[in-house]
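Let's take a walk through this protein together. Have a look at the structure first, and then we'll go from the ligand to the core and out to the whole chain.

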Amino acid sequence: FHAVMSSPIRILADHLVNQIAAGEVVERPASVVKELVENSLDAGCGRIEIDVEQGGVKRLRVRDDGRGIPRDQLALALSRHATSKVAELRDLEAVGTLGFRGEALPSIASVSRLTLTSRAAADADDADSAWEIGVGADGRLIPARPAAHPPGTSVDVRELFFNTPARRKFLRTEKTEFDHIHQLVRRVALAHPEIGIQLRHNGKDILSLGAAGGDERKVLDRLNALLGPDFAEQSLALEESAVDLRLHGWVMRPAFSRSQPDQQFFYVNGRMVRDKLVTHAVRQAFSDVLHHGRHPAYVLFLDTPPRLVDVNVHPAKHEVRFRESRQVHDFIYRVLHRRLSQGTLGVTTEAVP
Ligand code: ADP
Ligand code: MG
C-alpha cells in the first residue's frame, strides 16, 4: 500500500496501454481471427484464407485479396486509435464498417509476434511491390522491408500471449481453441456467401467454400455445408420489410427444432450479435409451435439504417443498442410468427397440443 500511495501519477507507455486494451479485445485465438477477418471484409476482399496451427496459439495467419495497405500507412495500421474507417463523430453515429475503433491490430501486436504484409490495390503508387512490417519483442516497430505477396494483405500472428502469462493460463486445449475459431469462421461464412473462404488447421483443410456470388443454389449449398445437409430443405425462407427494417434469412421448421441452441445465427447489418432483445423476440415467435425444451434454429439478417443502431457498446462488439428497440422487437416477432404459422399450416404432425 505504501508503494501505491507514494507513486507519482504517470502516463502509461504505449505498449502497456495496448496490452491493457488487448485484455478487452483479445480473449483467445478466435478473437484474433474475428478481428482479422473483419478487417479483410472491410477491405472489400473476395477471398479469405485462414491458416491455424495448434489451435491458433502457436500461429495463425489470415490472408485476403482486399485493397491492401500502402507502404506509408503500414506503421499507422499498427498504431493505436489509427483507423481509416471513422473520421468524425458523425461517422461514429452511423458506422457502416465492421471495425472502427482502430485498436485491433495494435492490441494483437502487443500480445504476440505479429507480421503485417500487404500489397496495395493497383491504383496506388507502390502497387507493384509488397511490404512487410513487424513488431519486435520490445514493442517497437521493425521498419518496412520488401516482401513477396499478391495484392491484398496477410497478418501473421505467432505465439499469442507469449508475454502475458496470466492470459495464456486461461487458454483451453488446442481442440477447444480451434473449435472456437471454426465456429467463428462458420458465422462469417453464413453471412458472406459472396466471399470464398478457406480454413486450415495444422495443414488440413477444414472448410473450403467457393464464392457463391448471386447464385441462389450455391447460397443454399453453403448453408447446408455449414449447418448440415438438410438445413435448407427443412427451413422456411423469409424476407419482409417495414419502414427502416428488413428481415431475411431462414428459420428451421419447428418439427426439426434442436435439443441444443447451437444453430442460432442473428446478424444486424452483417454483424453477428448476441442480443437479449432479439433472442426474446425470436423465442416468443416460436413459443406456440415449439415443444418444451426444444430450441429453434435460424439464420436471420436484420438490416436497418446504421444511424438507428449503436454498435459502439462493447469493445468486442457483440452487443448492439437499437434506437427503437420496441419497434425492432415487435417487427422480428411479427415476421417470424406469421412465417411460422404459414409454414406449418396443414402439417398435422407438428400440431401443438
Ligand atoms: P479498425 O478496423 O477499427 O479500423 P484495426 O486496428 O483493426 O482498426 O485496423 C487498423 C487499420 O488498418 C484499418 O482501419 C485499415 O485501414 C487497415 N487494415 C487492417 N487490416 C487490413 C486489411 N486486411 N486490408 C486492408 N487494410 C487493413
Ligand atoms: Mg479492425
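## Around the ligand

A quick definition to start: Ala, Val, Leu, Ile, Met, Phe, Trp, Tyr, Cys and Pro count as nonpolar, Asp, Glu, Lys and Arg as charged, and the others, Gly among them, as polar. Sorted that way, the shell around ligand 1 has seven nonpolar, nine polar and six charged residues. Keep in mind that this is a predicted model.

Which residues come nearest to ligand 1? Out of the 22 around it, the answer is Asn39, Ala43, Thr83, Gly99 and Ala104. Two helices, H3 (29–42) and H6 (104–110), each put at least two residues into this shell. H3 gives the most, with three residues.

The domain assignment of the chain gives domain 1 (10–209) and domain 2 (234–344). Taken over C-alpha atoms, their centres sit 29 Å apart.

Now for the largest nonpolar core, which has 79 residues. Val32, Val33, Ile108, Val185, Val282, Tyr298 and Ile332 have the most contacts inside this core. Helix H8 (residues 174–191) gives the most to it, with seven residues. And where does this core lie? Domain 1 and domain 2 both give residues to it, so it lies between them.

Let's zoom in on valine 185. Skipping its neighbours within four places in sequence, valine 185 is in contact with Val33, Ile50, Ile197, Leu199 and Leu207.

## A look at glutamate 240

You'll find glutamate 240 in strand S9 (residues 235–242).

If you don't count residues up to four places away in sequence, glutamate 240 touches Leu247 and Val335. Histidine 292 is 52 residues away from glutamate 240 along the chain, and their C-alpha atoms are separated by 28 Å.

## The whole chain

Stepping back, the chain's secondary structure comes to 11 helices and 15 strands. Its C-alpha trace spans about 70 × 55 × 45 Å along the principal axes. A compact globule of 353 residues would have a radius of gyration near 20 Å, and the chain has 22 Å, which agrees.

Buried residues make up 35% of the 353 residues. As for contacts with a separation of 6 or more, 67% of them are between residues 24 or more positions apart.

Key
Residues are numbered from 1 along each chain as its sequence is written. Chains are lettered from A and ligands numbered from 1 in the order in which they are written. This is a predicted model: local features need pLDDT of at least 70, side-chain atom pairs count only at pLDDT 80 or more; totals for chains, interfaces and linings use all residues. A residue is near a molecule or strand if its C-beta atom, placed from the backbone, lies within 6 Å of it. Helices (H or I, at least four residues) and strands (E, at least two) are DSSP runs, numbered from the N terminus. A nonpolar core is a set of buried Ala, Val, Leu, Ile, Met, Phe, Trp, Tyr and Cys residues joined through C-beta atoms within 7 Å. A residue is buried if 20 or more other C-beta atoms lie within 10 Å of its own, exposed if 12 or fewer, and partly exposed in between; C-beta atoms are placed from the backbone. Domain bounds come from an automatic or database domain assignment. Two residues are in contact if their C-beta atoms, placed from the backbone, lie within 7 Å. The radius of gyration is taken over C-alpha atoms; the globule rule is 2.2 Å times the number of residues to the power 0.38.
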